[in-house]
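Good morning, and thank you for coming.

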Amino acid sequence: DEATVARVSFELSNKQGIEQILPKIWGIDYLNKPPGIHFLISKIINFNIAGLSSTKELPSEFQIRILPALISTFIVPLGGLIQWSLRPKDLLSSVSTSAILFTLLPIARHGRLAMLDGPQLSAMALFWLLLISINGHSNDRWKLFGSGLASSAILLIKAPLIIPITLSALLPMIIEYKDRKNIHFNSIYWFMIGLMPGVSWHVFNASQRGSGAFWLWWGDGAGRVLFYPGSGSDLGWRVPLIEMLEGGWPWLLLLPIGLTWAFYERNTRWGLWNISIFGILCFSIFPLRTQLPWYSYPLWLPISLLCGRPLAWL
């Protein structure tokens, strides 16, 4: 998959004008993923083009990997800030959550690659952080605008994931609204403004490529992973479970404590948001018919949030 990302990015770096946002691979329309990360990598290639002997020379691994690797590192502070927003008087839990994210082998290993999963996780964390931090003050419109931009980023990285990610935030927000009423619905348009870049690209892609745009969402997107077992998916739901058991040590020992604690405090913000995010992501990932090792990558953020508090307590 790294080779595919690299090839699409390289071809985009040789395009001009509007063709820079309509990705191709070997001259054929690339309909697998939106070009958010590919476009950024192509700009890194163009920035370093003076150091290449010609535009036909292949870029280095550093050029291809530096930007997605850098964006992937944002998950460390963002995870800690999410914990701080849920437990504002518990600094140690916030630091513990960031420490877990910093030391998890799958985060370190996969986040250095030229793939979409690391930047996607950072965009997800920013989306949740901004929505969790809404508190009824005047700056909430900027938080809604920022969460809309984070949604646009998700739409431009792995578009179908916007559905479970949004559901995992909507559930606790609806429950909280009954008591806190932090969100003023006349401010929702700020979120819609932030959402426009992502939506606009998909509308433009549909206008240029017709049914190919639908293929991105269903044929090679949600429909494929939901209903068609791919290569290496023989173990089904056991693939994400094995990934968790392989990569979660030593923090995985704290997960049962964190889950129990969250269920016991399900009426608090910390318990409600953790149960919603972890539960909906598990419900979205484990039943997939196509299972690849990196499909479970989004689970490491809620696992870190759940384990951060028991670690601080210990």
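The secondary structure of this chain consists of 16 helices and two strands; helices (H or I, at least four residues) and strands (E, at least two) are DSSP runs, numbered from the N terminus. Please note that this is a predicted model, in which local features need pLDDT of at least 70 and side-chain atom pairs count only at pLDDT 80 or more, while totals for chains, interfaces and linings use all residues. Residues are numbered from 1 along each chain as its sequence is written, and side-chain values use heavy atoms, with hydrogens and water left out.

Of the 314 residues of the chain, 53% count as buried, where buried means under 20% relative accessible area, exposed over 50%, and partly exposed in between (1.4 Å probe, protein chains only).

Which residues does W273 touch? Leaving aside residues up to four places away in sequence, W273 touches L86, W128, L131, I132, S168, A169, P172, M173 and E176, a contact being heavy atoms within 4.5 Å.

Finally, F10 lies in helix α1, residues 2–13. F10 is buried, with a relative accessible area of 8%. The C-alpha atoms of F10 and I64 are separated by 8.8 Å, although these residues are 54 apart along the chain.
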